[in-house]
Amino acid sequence: MMLGVICFLLNCFMYLGNDGNRRDIVFLLDGSDNTRKEFPAIRDFLHKIIENLNVEENNDRVAVVQFSNLAVAHFYLNSFLRKEDMLKSVRGLSHKGGRPLNTGAALKFVKENVFTSSSGSRYLEGVKQILILISSGRSRDNVEAPASALKEHGVLVFGIGTQSSDSRELQNISFDPSYALSVSEFTDLPNIHQQLLSAMSTVFVQVTTMTPTVIPTILVESQAPRRDVVFLLDGSDGTRSGFPAMRDFVQRVVETLGVDENKDRVAVVQYSRDPAAQFYLNTYTTKGEILNTVRGLRHKGGRPLNTGAALQYVRDNVLTASSGSRRTEGVPQLLILLSGGRSFDNVDTPASALKELGVLIFGIGTRSSDSRELQRISHDPSYALSVSDFTDLPNIQQQLLSSVESVVIDVTPESTTDLVDHDTSRKDVVFLVDGSDGTRNGFPAMRDFVQRVVGKLNVGGDKDRVSVVQYGRDQEVHFYLNTYTTKEDILNTVRSLRHRGGRPLNTGAALQYVRDNVLTASSGSRSQEGVPQMLILLSGGRSSDNVDIPASALKDSGVLIFGIGTRNSSREVQGIATDPSFSQSVSEFTDLPSVQEHIARKDVVFLLDGSDGTRNGFPAMRDFVQRVVEKLTVEENRDRVSVVQYSRESEAHFYLNTYTTKEDVVNTVRGLKHKGGRPLNTGAALQYVRDNVFIASSGSRRLEGVPQILILLNGGRSFDNVDTPASALKELGVLVFGIGTRSSDSRELQKISYDPSYALSVSEFTDLPNVQHFDILGRCLPRRDVVFLLDGSDGTRSGFPAMRDFVQRVVETLGVDENKDRVAVVQYSRDPAAQFYLNTYTTKGEILNTVRGLRHKGGRPLNTGAALQYVRDNVLTASSGSRRTEGVPQLLILLSGGRSFDNVDTPASALKELGVLIFGIGTRSSDSRELQRISHDPSYALSVSDFTDLPNIQQQLLSSVESVVIDVTKDVVFLVDGSDGTRNGFPAMRDFVQRVVGKLNVGGDKDRVSVVQYGRDQEVHFYLNTYTTKEDILNTVRSLSVLTASSGSRSQEGVPQMLILLSGGRSSDNVDIPASALKDSGVLIFGIGTRNSSREVQGIATDPSFSQSVSEFTDLPSVQEHGRETHCGGEQRSSLCGPV
């Protein structure tokens, strides 16, 4: 889990925002013996404050906690959604009593138990977090650390005390000394009632690198949020007459800003062919100076208009620390572009680069501008504003200012699936590893953990940089951020790390050392360029020195700290980490691999066309949703589901956080009724889903990096525009799948979908089961047949339990299911024996139970060759459950503890010729050369000292298994309908054949292709052995005409036989008997039909899921993409697709 969290946060900082109207307010009441008499006054004060709040689920929320020696929550932020219920609870509050007064523990309790999402806190949505402490005396325990933790979490703390309170302590606890209020005694609380309400209602939020830090206005002092604002002005020849209006506009906007060195900063850049900075963000510190300079701006002139170059200039020269940008402090970066024409150069790359940096871009254009270009440049299409000409700028001034005031910043780009692999940002990552005497046994596991994390990084060039520091009493840098520039060099060094030893453990000194000596420019840190700084601490014990001050110094300088501790260090590590959620604990460091596991979670929204046109098909749509939900793991912390139905308007049946069990979801889906209505407004529905469903308050976990999936079922062309809302969803990172019928607009569906290949088609919704095979939610989980071949000879008796445990751990990572991964286990010594075959078990539980019960076989000599032959002849066969002829990858994992007594080369070659991917794992007693010869490739031969070290290579093996790419040799026959009915569609069919052949590996003893055309009769255009080069085949395919024909093969050699049928009409003769005969002889049949032939084609195909329907053959390109994804699980190359 922790590695998943680290990998996510290494790639993106938190999505940040503010919401001016909603507050989460927690009252922390002193219920100690000292307040017994005055508690009714405290309760009345609380009652009056709540009466003035707007208590609703989507407005203000309130929690109440009472404390003395311990803290007790009376109710949480999500306990009451109605004010009346809350006030009734407050009226019933009883005094707690007790001593001593532990305010520090109470503050800690509130942070860890109340200001959390599960308790109703909406801090991840940027909602203001407010704590009102009412205390009557000095705390018995320490308050500084928990108070600081609350402030770092973005909580605004007000302290209210009496003459018995310690005023300094109250000021230290409060967000600012001026937020500590005082009364003589609690009966005087009404005197500050209005003062407190005013302060709470004028809170501003400042966006920081991690959490919204709250800066309120209280009493007289007012602090506005900080922003760095850059104006980029088109000064080309085309804007000469409009320039004075642009200049006036800049003046008016600047007038509204709070310009001050520590508040808003402003820069102005003018451009045409080249850009020129008029002044930078740190040039002026007063509004007067800026306005004087703006008034004196002169039009630059020049052509052509290079907006792309100007955007790049702003990124590289203006939004930098040296020019006054405070981006690394989390200050929002705003760019306001005024452009009067279409750019002569490319704008997409520099605009994307700015967005990746977290810059919020507003584009303002005229009728001479390219509105689409401006929308692409802007943060969101809705951030692109337009006027007839620049003299109309005053008309949109307020619109712009409103957007600027409510700025929501996404600091780094979001990713939809694998957040590490799609990373485009840069980061500096330092590992600080405990090498003291206490970690001697766990050090190899720590070293492996560092390797695995580095393996996920994008090291090289100007991308990720890595440093490793080991410490105990003192510190030792193994390498700095600028020592190595390749991942290979880093991994080689990490592999050779040796435990340092030493005592005592000085974690504080080590943190300070990293700050002063590693995270510096001379050591390769790029903090001054705004590159995120990450520290990953692995600590196995409690520090003998102070850690708070150096940890705070690192955080203050913007370093993001992740901490991993053991049971001996977990509390201290939580305090060091940026936030307790950034820390993780393991029993021992040998448990680190479990930290790596990251549960796959998904938020899935179904958007169903409920218009008049889908009345008949709605029951089928409803059944489809049920079937997909059945495959999900619906739980609060796993998969979540929402269903929306639309026609003219949209209606949410339930949101992502409405139900937490699969049963509830399925029951509600079963009861769905068709909505009806017209026209069909798909665009409005997409916008509705974006604005009302994919949000945190509706249960979306997008901000936590959980994949967001939208499945649209659509039965017609939209009446409104779909482009803008579809783009907005994609920019939000939503993965959109579109499923339509022949009544849908296939092009529109492709535009809506995340990628054209994500748009699927059926003739009618009653055909939806045919797309069930396409794993929408996993993008076709790969299928694999995995065989473990275990050395059970006398030489492995002591190591066998470790081998058995290893098999268990690998099986745990597989997706075992009849139609996904299958597993077999064979044990051998002198003779081999199958413990179970690939089709013996269909559930992971059955396999694991059997593996746990395996007993060592014993015997000698070790005949590995005979065992390999046995696997080929008896296990990797169709009768034993192998799906090799369906193109499913065949994997053999051999664990061998010695040199084979017989010959291994011939049977190993025979397995490789069958396309089996062999991994060999041996010990120091094995013959490493023999193992390399057996393995698919020498690099697939892994080695450990003895089998007890197998966990050390587990991840390496799994990575190889996950990324398996199999190239299965195959014989492919295209059977093409050349009858009169396909005359118009024939060119498209011919192109389709060309494209598929283009994907195959034709030549020598690899793939072979034949093409047969038929109508009344058949004509073979060429046989499987006619051509041996792809060029010859393609040349012949290009010259095909409408005639008729038949086929050729290596089936006796075990080569998979594939038939791809393209049929445009219903057959006049019987198809069942010959189709069955083909299937019985092992031929895999794929069928593509039109609306006239789809049902028949389904019957002919190996399985209905192997058939696809198009309205016309001119739609074949979309089928090709679908087919490739459907039958090419993930990275694996299928029998149909060949090398992709």
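Which handedness, left or right, does the crossing of helix 10 and helix 11 have? Let's go and look.

This model is predicted: local features need pLDDT of at least 70 and side-chain atom pairs count only at pLDDT 80 or more, while totals for chains, interfaces and linings use all residues. Residues are numbered from 1 along each chain as its sequence is written, and side-chain values use heavy atoms, leaving out hydrogens and water.

**Stop one: two helices.** Select residues 307-318 (helix 10) and 348-356 (helix 11); they pack at an angle of about 25 degrees, with axes 8 Å apart. Helices (H or I, at least four residues) and strands (E, at least two) are DSSP runs, numbered from the N terminus. Axes are lines fitted to C-alpha atoms, for helices over the stretch in contact, and angles run from 0 to 180 degrees between N-to-C directions. That makes helix 10 roughly parallel to helix 11 (angles under 35 degrees). The crossing is left-handed: the near helix is turned anticlockwise from the far one by less than a right angle.

Now show side chains: Gly308, Leu311, Gln312 and Arg315 in helix 10 meet Pro350, Ala351, Ala353 and Leu354 in helix 11 (contact means heavy atoms within 4.5 Å).

Six strands form an open, mixed sheet in the order 31-30-29-32-33-34; strands pair if DSSP finds at least two bridges between them. Strand 31 (832-836) and strand 34 (941-943) are at the edges with a single partner strand each, so one side of each lacks a neighbour in the sheet. Next, select 822-828, strand 30, which runs antiparallel to strand 31 and is joined to strand 31 by four bridges. Val825 has Phe836 in strand 31 as its bridge partner.

Note on methods:
Angles under 35 degrees count as roughly parallel, over 145 as roughly antiparallel, 65 to 115 as roughly perpendicular and the rest as oblique.
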